[in-house]
Amino acid sequence: MSLKVGIDFGTSNSGVAVFDGQSVKLLPVDPKNVLPEVIKTVLYITKDYRTYLGQEAVETYYRDNVNRQRRYVKQWAGEIDVYGGDMHYVRDIFVYIDELKPGRLLQYLKTALRKDNYQGTQIFERYYSVGDLAKTYLSLLKHRAEDALGETIDTVTLGRPVKFSEHPEQDHKAQETLRQAAHEAGFKEVDFELEPIAAALFYEQSITKPQNVVIFDFGGGTLDIAVMRLGDAKSRKVYASGGVDIAGSDFDRTIIEKRMLPHFGYGKVKHHPEIMDMIHAIPDWMALPELGTPINRNILEKAIQAKIAPVRLKALEGLIYNDLAFTFYNRVEAGKIALSSEGATIISLEDKDISLWELYARAQFESDIYHYLVDVEKVLLDTIAKSGLDVEEIDAVVKTGGSSNIPLFTGMLARIFGKEKVKESNAFSSVVAGLAIKAKM
Amino acid sequence: MSFTTKIDEWMKEAEERPESAVTIVRLIARRLRELSERDEELLAENIALQNGSRVEEYQKRIAHLEYQLDLLKRRFGVDEELLTQIPTKPAEISTLSLLIYNAQGRIFRLELNADTKELGRITGEMVTDLEPPRILAVPSNEDVLLLFTSGRVDTYSVRDIPTVEIGGAWDWSQAALPNEPRAGETLACITPFSQLPLSDFFLQVSRRGCVKKTMTSMAQSILGNHYIGKGSIQKSDQPFDLMLSHKKDRAAFITYEGKVIGFDVDELSYATDERIRLTATDYVIASFTTPADTTMLCVTQTGKVIHRESKSIELSKSSTAKGQSLIPPSRLEQGVRFMGAAAVRDNDQIVVLDAAGRLRILEAGSIIGAGSIEAEAWILSIGVIPAEGASHLT
């Protein structure tokens, strides 16, 4: 017998759930995680093309990579034709490859889907398009879910943000890439539901009379808003939906830009464009791992010898060459999460050559991301205006997704709608639960 | 952003949410404690720089490198012609030294001679920091590497360690302390390393069965930084042994509760790798490479000897391996445990230390034949004097 499931393919975390008509069952797809029903959207591909996902990917990555040895070899990558006037010559291009690199860790796979300038990546001898990466992840996730259920899964309802991209073409392309990836992963039937609407379907299970509800789904990659009439299947209606590319990963990036870069030489190093480029690449999770070339190491070593911010540049060298990027981003994210419940936290990274310590208070965080609050509030009010309802006509605001717990945004929702109307849904499972309900419809 | 601005921002947080003030003060206090500890370490380093002990250390290292170079030249016949033209000093007669050391970094050195079998007796506390003393036989002109449980390493020439007289009774307070362990660390092991240029890897084994392979081409950086790493995965784990190995070597380790596991050095990854799944009470008590012509000899605390062909050791391919069991379950229940193990040849000699502090040399062949070691107290530790090393005995 085959089953229909809902999959929330999230930017930071994913999940799988099944609905039996009575209750939703979240599947324990990551037994190694603290919450086995939540799996990190992280994929690790080794040199011999073994694949791992979730916590296992993270653990394997740490075991294989942190403080490992490196050996760079120069490899011919291709050639370029150079034209100038009537002159033409061909130049060989070489790249440095770390031949001891045991694998590649890939995260933010969903963000890659909506980036028009990111087509895919070379992983050792094979090229993985964005679709291939999504397929690999979904295929492994499907197997985990089938193992948990003991049955084959053929049909899936995948969640998708209200807007993958502001550009309709890119938005359509991202959805079709994900659809194709799901088919290639082994799902025979694939359909989509907007993530905030899925969260609404789950919320609907808990109400007894019709309500006008705003779903505020604020996750790792996007903010999705839906204004809906819920409570009665016959009169269920989506008044309006909206979204914006602002979410948890943007806040992480802002923290790094505003608070972390000085630890790696920002503000101290001037007139060294190559080093400045390296420092500016730190917030970019795709660019940082690519900086580890012998040429860059040479540049950093020379600067350290010349006593140009030696401690900070040594820390930068450690960050790049000891494969600490993933740990670093995790620490920043953990600091951000801690500020949802604490007034202050420490973002720290201690390793050979690095001794990063930053006391980060909620007031600092709120000041750093304040400009996002303005944008989020605008999108929220625009979506409500588009729905034709007044703010007073909204009966409940359901917040879901990790970023919805940030007090700055909770405060904004309370200010606009009134504290009593703001309802908290499970941050990590309401979307996948709603998708499971949709799959059964 | 200036530090003053940061303080203003923290103050703002404390004003907006007074409950945050406690958190901020707690976090800053913790940081102050860390910084004060670090400051003390830096001051100690500064003293070492000022009083010249660091310079001495570097001089020793230079001398060591020159020795390595010389060794290489001789092994590979480089500049042989030139070497013959250089007036050479008469070759020093190399003797064999026995090092007995404990976790606190105290080392006895005995210069062995061919006749003596009863070496003497150690008095006082035998087990320090829950670790029995360990035994290493090395040529007296050898250099040794000291590995501490923090991952720190240091090098010494065996000749620099003062000797004690054979046949005497020695207290640990008389032992040399060439490099006192720092706060929070103990001496994990001492390993000979003049074969460094001819070896491919450093092989580290942790107490909980993790193995880490490091290329010897990184030796300069390791010795320069005085740090090779702990080679363990869990925080509670700590390094146990360090040895030099070749690509094609096969190595093994033995645990307290009688498990043995082997592995090919070449197949190890360069990251720390868990090779065995141990029970909570078990830990590694011996590790060694297993050349084809050796056999494995394990000794229990009561002196019972278990002897196996090296090639019979199962190879582990995964971290979930449980290893071969050499102690039957019924004996385990009775409390039988391994205290020492080594890869030996029949004509090697075995140094045995018991809980009464008695230190003596026995023939490996006769121990294997008898199947046990007679001892007046529990066996604490064994060491091997290789037959080729014994030829150095005067």
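Two residues are in contact here if their C-beta atoms, placed from the backbone, lie within 7 Å. This is a predicted model, in which local features need pLDDT of at least 70, side-chain atom pairs count only at pLDDT 80 or more, and totals for chains, interfaces and linings use all residues. Residues are numbered from 1 along each chain as its sequence is written, while chains are lettered from A and ligands numbered from 1 in the order in which they are written.

**View 1. A:A17 and its neighbours.** Leaving aside residues up to four places away in sequence, A:A17 touches A:V5, A:G6, A:V24, A:K25, A:L26, A:L27, A:V432, A:A433, A:L435 and A:A436.

**View 2. The nonpolar cores.** A nonpolar core is a set of buried Ala, Val, Leu, Ile, Met, Phe, Trp, Tyr and Cys residues joined through C-beta atoms within 7 Å. Buried means that 20 or more other C-beta atoms lie within 10 Å of a residue's own; exposed means 12 or fewer, and partly exposed is in between. The largest core has 124 residues, and A:V5, A:A17, A:L43, A:A200, A:I215 and A:A436 have the most contacts inside it. Helix α3 (residues 130-149) of chain A gives this core its largest share, 8 residues. Look also for a second, separate core of 82 residues, which includes B:A103, B:V164, B:V205 and B:A286.

**View 3. Where chain B meets chain A.** Here 20 residues of chain B are in contact with 19 residues of chain A. On the chain B side, α1 (3-16) and α2 (19-50) each supply at least two residues, and α2(B) provides the largest share, 7 residues. The chain B side divides into 9 nonpolar, 4 polar and 7 charged residues. Ala, Val, Leu, Ile, Met, Phe, Trp, Tyr, Cys and Pro count as nonpolar, Asp, Glu, Lys and Arg as charged, and the others, Gly among them, as polar.

**View 4. An open sheet in chain B.** Helices (H or I, at least four residues) and strands (E, at least two) are DSSP runs, numbered from the N terminus, and two strands pair if DSSP finds at least two bridges between them. This sheet of 4 strands runs in the order β15-β12-β13-β18, with antiparallel pairing. β15 (284-289) and β18 (324-325) of chain B each have a single partner strand, so one side of each is left without a neighbour in the sheet. Even so, 5 of the 6 residues of β15(B) are buried, so this strand is largely enclosed by the rest of the structure.

**View 5. Facing residues along β12(B).** Strand β12 (residues 250-255) of chain B pairs with β13 (residues 259-264) of chain B over 5 bridges, and B:F253 stands opposite B:I261. β12(B) also pairs with β15(B) over 5 bridges, with B:I254 opposite B:A286.
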